Amino acid sequence: MMIIRPVQRDDWAALRELARKTGPGFTSMQDDDDHVHNMIESGVSAFAQESANPDAYYLFVMEDSDSGQVVGTCAIHGAVGMDDVWYSYRVGTLVQASRELGVYRQLHTLTISNDQTGFSELCTLFLDPEYRKSLNGHLLSKCRFLFMAEFPHLFSDTLIAEMRGYSDANGVSPFWEGLGRHFFTIDFTQADQLSTRNKVFIAELMPKHTIYTNLLPEAAQAAIGKTHDATLPARRLLESEGMRYTHYVDIFDAGPMLEAPVQEIRAVRDSRYFKARIETVPDQEQPFLISNTLRDGFRCCTSRAISLRNSIASLDEETATALNIRNGDTVRIVPLFAERRA
Amino acid sequence: MMIIRPVQRDDWAALRELARKTGPGFTSMQDDDDHVHNMIESGVSAFAQESANPDAYYLFVMEDSDSGQVVGTCAIHGAVGMDDVWYSYRVGTLVQASRELGVYRQLHTLTISNDQTGFSELCTLFLDPEYRKSLNGHLLSKCRFLFMAEFPHLFSDTLIAEMRGYSDANGVSPFWEGLGRHFFTIDFTQADQLSTRNKVFIAELMPKHTIYTNLLPEAAQAAIGKTHDATLPARRLLESEGMRYTHYVDIFDAGPMLEAPVQEIRAVRDSRYFKARIETVPDQEQPFLISNTLRDGFRCCTSRAISLRNSIASLDEETATALNIRNGDTVRIVPLFAERRA
Amino acid sequence: MLIIRPVDFPDLPQLEQLAVQSRGSITTLPANREYLGQLIGLTQSSLRNRVSLPGGESYHFVLEDSDSGRILGISGIEACIGLDSPFYSYRIDEVVHASRELQIHNRIPSLHLCQDYNGTSRLCTRYLAPEANEAANIHLLSRSRMLFIAAHPKRFARRTVVELQGMVDDEGRSPFWESLGRHFFGMDLSQADYLTGINRKTFIAELMPHYPVYVPLLNEAARNAIGQPRPDIEPVMDLLEDEGFVYRGYVDIFDAGPTLEVRTDDIRSVWQSRTVRLAVGDAPDSAPWLLLSNDHTEDFRAVLVRANPERPQVAPEVAAQLRLDDGDSVRVLPLGTDDLLI
Amino acid sequence: MLIIRPVDFPDLPQLEQLAVQSRGSITTLPANREYLGQLIGLTQSSLRNRVSLPGGESYHFVLEDSDSGRILGISGIEACIGLDSPFYSYRIDEVVHASRELQIHNRIPSLHLCQDYNGTSRLCTRYLAPEANEAANIHLLSRSRMLFIAAHPKRFARRTVVELQGMVDDEGRSPFWESLGRHFFGMDLSQADYLTGINRKTFIAELMPHYPVYVPLLNEAARNAIGQPRPDIEPVMDLLEDEGFVYRGYVDIFDAGPTLEVRTDDIRSVWQSRTVRLAVGDAPDSAPWLLLSNDHTEDFRAVLVRANPERPQVAPEVAAQLRLDDGDSVRVLPLGTDDLLI
């Protein structure tokens with residue numbers, strides 16, 4: 001069974017091994033000792049803090065309870081842009097019209113903004129390729145919503161998630177080639193990696209003025225707000241939870257940013273408290289996402305062996321063990337999948 | 001009983017009389033023959049058209065069926081900015097930070113945008129002061145959501161509504177005094193009225209560059225996104241339906257713009273079809289908003305004498321008459337008020 | 001003989017032919033009879049008025065074959081541009097984007113819409129019929145204006161500018177317009193020129209790109225056109241540079257042709273011209289080429305002759321054309337070289 | 001006697017005292033020993049280097065009482081600014097916002113962050129101890145630099161600029177900084193000056209307002225300070241204007257003091273100075289005041305004496321200070337008036 005729990009220092013070896021599998025371009029978890037070490041330390045201290053540090057980095061791991069092996073990781077950044085500056089391009093609309101001449105055209109613009117400053121961010125999701133099956137991906141992504149539902153004071157009112165932007169079959173980002181390269185004169189990969197360490201160079205080099213997108217090459221224009229093929233499933237998952245593209249994109253590859261008020265995310269809004277009753281339960285058609293209510297002892301998993309009636313959740317022994325709960329404890333439950341609207 | 005229906009040419013006298021009661025500053029319905037005439041003509045042609053003209057102006061009136069008197073009016077603009085240019089200021093966040101020096105501050109900016117171009121707009125709501133009681137205000141505002149739910153192809157995916165901005169006890173807009181006056185060198189009222197006729201002067205005179213709000217007088221800064229006291233109830237009503245301030249404000253008085261995806265507005269999302277069964281029904285606790293499914297024969301009213309069971313709506317004779325329906329006709333129903341979230 | 005004199009109403013039909021012949025290549029010479037009539041009227045009224053500060057005056061002169069009465073060319077001076085409607089230019093600003101840490105130092109030029117030449121005088125509307133396009137006529141048509149300025153310094157501003165037509169490709173299209181202006185104006189360059197020519201300039205405020213345009217984002221042909229004159233007018237540019245005009249990084253907003261400027265007092269023909277006594281008699285054969293003019297207004301005349309610059313003696317018919325008698329004061333400008341007729 | 005010579009390492013303690021005495025009023029003279037040591041080192045290495053194109057060289061000279069060895073002032077020239085990090089100015093752009101229909105014609109000045117003076121030479125670091133603050137010393141300290149430029153034209157750029165300190169209020173605060181810079185930098189002007197002085201300028205790119213600032217939005221004191229020098233340095237401004245420097249609407253980004261510019265060849269002392277033979281003997285009592293200098297580099301010396309400008313004769317001790325012998329070539333600049341010592 002797959003269990004989500006906060007990261008611990010002795011996850012080092014497992015996470016270092018996972019990082020080796022991420023491959024280039026995965027800047028939020030780089031194949032680098034220092035990087036992984038810093039992730040773990042930030043994560044451990046986030047859960048340990050009594051009060052809410054807005055900048056905290058809540059790092060979770062997914063453990064296979066059968067083998068004890070760590071096979072995935074995910075994180076929430078309490079608030080972005082509080083230490084480093086957070087940049088995005090806002091995609092605006094501009095109408096060029098002269099009624100006298102009968103001219104009317106809509107253009108689009110890109111304007112540098114820090115509008116997401118202070119927002120919480122979903123980040124660093126990575127699942128071992130061997131485990132990309134059944135409900136694992138959904139659990140790894142959505143467990144964060146139950147944590148946020150349980151501890152809203154640790155987070156901003158608004159949640160964002162950056163989607164990797166479009167690149168072609170050769171890994172080339174047409175947006176970078178059409179815009180960023182003129183100003184940064186370095187490779188996309190280099191810029192992307194640098195930006196995780198220090199963003200001063202962005203302030204120094206980036207274009208300060210609003211850009212008219214119609215002056216960019218067509219391939220660059222087409223890439224604005226377009227998600228990388230490999231990230232489309234992740235985007236669809238977050239959209240099914242109510243996250244929406246609100247016309248902000250990454251300044252390097254123009255990947256879309258998704259956004260939602262935390263309290264309007266389905267898994268946050270629809271999750272409910274139940275009292276756990278441990279007993280044998282036949283599998284139901286619909287899987288549930290379920291968590292306990294602890295912070296540093298947070299546990300989350302999925303289960304079909306759950307039956308809800310009024311405020312009682314019947315669940316089986318395996319699930320109780322995974323969540324580290326006893327009979328009568330309070331649990332938070334939400335259907336794993338959003339209902340399709342009729 | 002109050003009934004909503006499309007405007008007709010013979011509403012002229014009644015609407016002209018209503019316009020006399022609006023008072024200065026109500027630019028969307030001015031005390032002026034030509035203005036009222038144009039409103040009616042636009043409204044009549046909007047409902048008469050077979051196909052959807054994006055620029056159409058759907059003007060409704062509220063009629064007291066007892067007296068036959070027209071006592072209120074409201075409208076939906078199919079799409080703004082398709083003929084004239086639609087302007088707003090976008091309120092952005094800018095972080096000024098130097099890690100080396102330990103400097104970090106958040107500023108706000110105002111940038112001229114046309115980002116709402118093509119969106120549908122709620123506009124021109126006016127209710128005779130004598131009728132501002134019971135559920136009339138709610139009916140007059142929300143009837144538009146049932147019309148939009150019924151005819152989504154006539155509207156954009158996104159709906160906006162402009163809230164009148166803050167002005168002080170003397171009717172002075174501190175935002176205008178702090179910013180607009182420097183550029184337009186005319187009075188707020190004059191600018192506001194001009195802008196309903198022709199927006200060329202805005203393109204000619206407005207500030208083109210992004211404004212740092214911290215350079216404005218404090219009273220002007222405080223007015224950004226602030227609703228006029230008299231408009232607060234209207235704002236709360238729309239917010240209870242899911243419309244949200246998304247950091248766009250009016251370029252003259254900095255009043256907030258509310259926005260929502262049409263399909264996520266409560267009265268649109270939760271309204272359902274029922275088959276009407278005309279019979280005696282005792283008043284229920286909760287009032288409903290109910291409409292028929294016609295376009296140029298559109299009727300909408302509120303009623304407590306409705307009982308819903310499966311797909312059957314029992315409703316009384318008076319309601320049926322108001323909606324101009326017969327036994328077995330399809331009606332669209334939604335509770336008039338949003339439930340409070342538990 | 002060929003003379004320069006102010007344009008007058010009887011010239012209108014011939015002027016219109018010239019305008020048609022120029023096929024829209026001169027912005028200020030549109031083939032629009034009403035506009036050309038106004039241009040003549042304005043010249044005549046400007047000459048009649050007593051002027052102590054330059055204002056809306058415009059002076060246009062024609063090159064006439066006094067034997068046939070044929071008009072072979074036109075040239076003008078506007079006393080003060082940007083008074084009635086702004087005079088727009090692009091100023092090329094170069095900004096260094098540097099990161100010491102990354103050892104990057106990029107010079108990024110951008111085009112800024114500006115009105116820095118509001119309030120200057122402008123040489124304009126220089127058009128010479130192709131059959132008259134030879135060096136002597138170029139000098140007479142262009143430089144006689146400098147003599148008029150020298151004679152009437154109070155009528156002109158401290159600085160004088162002149163716009164040179166920009167690069168065109170093999171099909172006669174402006175690569176700069178195609179790459180930039182067309183996106184914003186949605187029309188052909190010739191139409192934009194025509195509208196500017198007839199002084200319907202509101203559309204520029206409505207349609208111009210107001211944000212600076214980064215030059216590296218333009219295509220190569222457009223980049224190469226910035227500040228470059230059309231190759232066939234290089235002789236004109238040489239003449240103007242010889243007069244002291246310099247290019248300071250300002251270009252035309254439509255075709256990016258260079259705008260040249262000079263302090264009016266520093267125009268070579270202005271400070272080198274001087275007044276001497278005219279003698280009437282036999283004209284010499286081998287004296288240097290001179291421009292001669294009277295210092296009149298409505299009766300302004302200029303001719304190109306061979307004469308002694310210290311005490312020019314001209315044939316009686318030349319004196320008659322100059323509206324001068326023996327012993328009258330005449331303005332003289334030696335052209336410096338004898339290679340005029342090459 | 002008072003002489004001008006290049007600054008050298010033994011001057012460091014006295015230089016530091018001057019810097020402390022100037023209390024941060026000279027940006028390029030921070031009370032920072034390490035920086036001042038570099039300044040001396042750079043002067044010495046710049047003088048030693050053969051230079052054919054201006055680069056990172058910096059030349060600083062001291063005013064020394066050769067009898068006491070006391071250093072009473074310092075002044076410098078930077079060969080080419082903006083090479084290492086950008087040299088920022090505000091350029092005041094005036095744009096007309098006009099509406100013909102409304103008969104409105106507004107001239108709106110705004111401040112544009114620019115780097116237009118990258119690549120120019122700069123006069124800098126002029127500081128005279130209060131006890132030595134008299135006309136003769138001002139001339140000697142300021143103008144001896146022009147003689148150095150005249151002697152070594154290849155070491156300097158085509159244009160030269162000089163920044164004058166801006167207005168301060170009764171409490172010594174800059175109203176411009178308080179109204180603008182403080183909002184963005186979050187520090188005192190003195191700290192910003194200090195950081196700029198020691199060339200830690202990354203913070204400017206990080207913290208400067210990058211959007212143009214509309215002047216009408218600044219408070220009155222700040223508006224009035226734009227382009228105004230501190231009243232007590234008006235004599236310096238007079239001297240510079242006499243040298244041909246002009247104000248072209250560029251001001252300092254911190255205090256809005258005017259930046260003056262000139263074509264280097266057109267600096268009056270540069271083109272008026274000439275070299276003649278020096279005679280050693282009895283000095284005359286009543287000859288005009290002259291600046292004399294040698295054309296050396298490391299051994300550059302300048303003095304202010306009374307002598308005949310055509311064939312200056314000076315006392316042996318003066319010649320010794322000039323490092324010149326009888327018959328050597330000496331550079332001479334007549335000061336034109338006798339009112340020096342008033």
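**Exercise 1. Two packed helices**

Task: In this predicted model, describe how helix H1 (residues 12-20) of chain B packs with helix H2 (residues 33-48) of chain B.

Solution: 
- Step 1. Two numbers are needed, because packed helices are described by the angle between their axes and the distance between the axes.
- Step 2. For H1(B) and H2(B), the angle is about 130° and the axes lie 10 Å apart.
- Step 3. Classify the angle. Angles of 65 to 115 degrees count as roughly perpendicular, and those over 145 as roughly antiparallel. H1(B) and H2(B) are therefore oblique to each other.
- Step 4. List the contact. H1(B) brings Trp12(B), Leu15(B), Arg16(B) and Ala19(B). H2(B) brings Asp33(B), Val36(B), His37(B) and Ile40(B).
- Step 5. Sort these residues. Five are nonpolar, one is polar and two are charged.

**Exercise 2. A link within chain B**

Task: Which parts of the chain do Asp128(B) and Lys21(B) link?

Solution: 
- Step 1. Recall that side chains of opposite charge can pair when their charged atoms come close.
- Step 2. Check the distance. The side chains of Asp128(B) and Lys21(B) form a salt bridge, at 2.7 Å from N to O. The cut-off is within 4 Å.
- Step 3. Place each residue. Asp128(B) sits in the loop between strand S6 (120-127) and helix H3 (136-150) of chain B. Lys21(B) sits in the loop between H1 and H2 of chain B.
- Step 4. Conclude. The two residues are 107 residues apart, so the pair links distant parts of the chain.

**Exercise 3. Two interfaces of chain B**

Task: Describe the interfaces that chain B makes with chain D and with chain A.

Solution: 
- Step 1. Count residues. Chain D gives 34 residues and chain B gives 33. In the other interface, 25 residues of chain A touch 25 residues of chain B.
- Step 2. Read the area. Chain D and chain B bury about 2700 Å², with 61% on carbon and sulfur atoms. Chain A and chain B bury about 2100 Å², with 41% on carbon and sulfur atoms.
- Step 3. Find the main contributors. Tyr211(D), Tyr214(D) and Leu217(D) lose the most area in chain D, together 24% of what that side buries. On chain A, Thr93(A), Arg99(A) and Tyr104(A) supply 23% of the area buried against chain B.
- Step 4. Count salt bridges. Between chain D and chain B there are zero. Between chain A and chain B there are four.
- Step 5. Look at one pair. The side chains of Glu264(A) and Arg244(B) meet in a salt bridge at 3.3 Å, N to O.
- Step 6. Widen the view. Over all chains, the count comes to 78 salt bridges.

Notes:
Residues numbered from 1 in each chain as written. Chains lettered and ligands numbered in written order. Predicted model: local features only at pLDDT ≥ 70, side-chain atom pairs only at ≥ 80, totals over all residues. Heavy atoms only, no water. Axes fitted to C-alpha atoms, helices over the stretch in contact; angles between N-to-C directions. Helix = DSSP H or I, 4+ residues; strand = E, 2+ residues; numbered from the N terminus. Parallel < 35°, antiparallel > 145°, perpendicular 65-115°, else oblique. Contact = heavy atoms within 4.5 Å. Nonpolar A, V, L, I, M, F, W, Y, C, P; charged D, E, K, R; others polar. Buried area = accessible area lost by both parts, 1.4 Å probe.
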